Amino acid sequence: MRTQVGIVGAGPAGLFLAHLLARQGIEAVVLEARSRAYVEGRVRAGVLEAGTIDTLNNLGLGERMMREGLVDNGLDMRFKGRTIHLDLPGLTGRGVRIYGQQEVVKDLIAARLTAGSPLVFEAKVDRIEGLESGRPRVHYTHDGIEKVLDCDLVAGCDGFHGVSRGAVPDGVIETYTRSYDFAWLGVLAKAAPIADMTYSNHDRGFALCSRRSMSISRLYLQVPASDAPENWSDARFWDELHMRMFDEGRSEIREGEIFQRDVAQLRSYIAHPMQYGNLFLAGDAVHIVPPAGAKGLNMAVADVRVLARAMVGYFATGARAGLDRYSADCIDRVWKTIRFSVSLTDLLHKFDHYSPFQRGMQMAELDHIAGSEAARKVIAEQYVNLSNVAD
Ligand code: RFL
Ligand code: PHB
């Protein structure tokens, strides 16, 4: 098989890239290791920033998101029983939209398959070679048979555990990491959500109340990194959530059947340059943010917007300037997004190694945000639109 762009991975990065290229008449083949059902069922992000919303709409694929997604205008932070309200449109002119990542993925997959464009599930990429040449080759296994995809360019959109990054020779990529000794337990519950997205910093740990619809809540608790979803019965989960949200009277948060639960590890990771020869890395394949900033998906979309523009320029003129600049064009935005995500993580979580002095600093910062519109604006503008890139 031969194509212009070989795309490894059908997560948000790979699927958005495929659509952005198709719009400009560029052929791509998307190879995805997992089944369609697995990819569509993977529960992850939910907050879409302005740039992501615009990208989906500009592709003509935002109809269901606009109809079913919920506009989130308020972002609340709780501490010591107090609530800080960030009025996102009042502070920035825009809100965010809540629409599950797997719904975005379903819409992108359906549109690609309807268009008859190549997207192969259960096609695991084993290795990529010839990246320094004009004819890179992607080796993959499909139906138990080893196959080869010849392409002009390769996009590594295969997430943190993918193979693309590993195809770059040692010593080319510099990595920077920070790990955390806690994780997020995330659940979906058949329960009406509270009015605003609410993050809480409680002495027992972080909690977050988000939603997927007016009858489905998406809820998170900070747990030890070694914890497992099975350790959390429904009763234990609700008891802990009420406490951490300062809802001891159990009058605010509605309970309901928990029908999905998972534990996600937290990590800050950045690798650059985001390219080598004719391989271009995007999304989680090249950077991971802790989820408190709700940025991972949005950052992946911003990466592939830059990448699609560079690839379109290359196929139109043969000039490599845009391609060669891809990493440099992304890296400042990526660092700023990591910085924001890390700062919200630091502000809102319980760190076991914190001294009472450091805990006091955290509370003082929240108190400052509560009293300062300027401080709220700094957070709101990053929450709403940090991943925007010019088209
Ligand atoms: P993905 O989604 O991991 O997709 C990579 C795809 O590549 C496939 N793959 C391979 N395919 C072929 N051959 C191989 N050898 C392959 N190896 C892997 C995988 O099967 C997969 O389908 O990466 P992508 O596209 O870069 O997208 C990134 C986002 O998924 C991620 O950043 C977000 O989910 C992060 N995130 C959030 N981001 C937001 O913008 N807003 C949020 O509200 C938000 N909340 C979250 C989150 C992530 C979370 N977890 C699970 C860590 C909440 C949580 C709990
Ligand atoms: C979500 O709704 O899944 C969500 C919301 C805010 C975050 C992370 C995840 O920071």
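The largest cavity has a volume of about 50 Å³, where a cavity is a set of points, on a 1 Å grid over the protein atoms alone, at which a 1.4 Å probe fits but cannot get out, and where a volume is the space filled by probe spheres set on points joined across faces, edges and corners. The model is predicted, so that local features need pLDDT of at least 70 and side-chain atom pairs count only at pLDDT 80 or more, while totals for chains, interfaces and linings use all residues. Residues are numbered from 1 along each chain as its sequence is written, chains are lettered from A and ligands numbered from 1 in the order in which they are written, and side-chain values use heavy atoms, with hydrogens and water left out.

The lining of the largest cavity, meaning residues with an atom within 4 Å of a point, includes Ala 10, Val 39, Arg 42 and Gln 101. Helix 6 (residues 101-114) gives the most to this lining, with three residues; helices (H or I, at least four residues) and strands (E, at least two) are DSSP runs numbered from the N terminus. By class, the lining holds four nonpolar, three polar and two charged residues, with Ala, Val, Leu, Ile, Met, Phe, Trp, Tyr, Cys and Pro counted as nonpolar, Asp, Glu, Lys and Arg as charged, and the others, Gly among them, as polar.

The second largest cavity, of about 40 Å³, takes the largest share of its lining, three residues, from strand 14. Among its lining residues are Asp 72, Ile 98, Cys 209 and Ser 210.

An open sheet of three strands has the order 3-7-4 with antiparallel pairing, two strands being paired if DSSP finds at least two bridges between them. Its edge strands, strand 3 (47-48) and strand 4 (70-72), each pair on one side only. Two bridges join strand 3 to strand 7 (residues 96-98), and Leu 48 stands opposite Arg 97 in strand 7.

Strand 14 (205-211) returns at ligand 2, where this strand, strand 13 (197-202) and strand 15 (217-224) each supply at least two residues of the shell. The shell numbers 15 residues, the closest including Tyr 199, Ser 210 and Arg 212, where a residue is near if one of its heavy atoms lies within 4 Å. A polar side-chain atom of Arg 212 lies 2.7 Å from an oxygen atom of ligand 2, and a backbone N or O atom of Pro 291 lies 2.8 Å from an oxygen atom of the ligand.

Key
A polar contact is a pair of N or O atoms within 3.5 Å; within protein, one must be able to donate a hydrogen and the other to accept it, and residues adjacent in sequence count only if both atoms are side-chain atoms. On a 1 Å grid over the protein atoms alone, a cavity is a set of points where a 1.4 Å probe fits but cannot get out, and a pocket is an open set with protein on both sides within 12 Å along at least five of seven lines; lining residues have an atom within 4 Å of a point.
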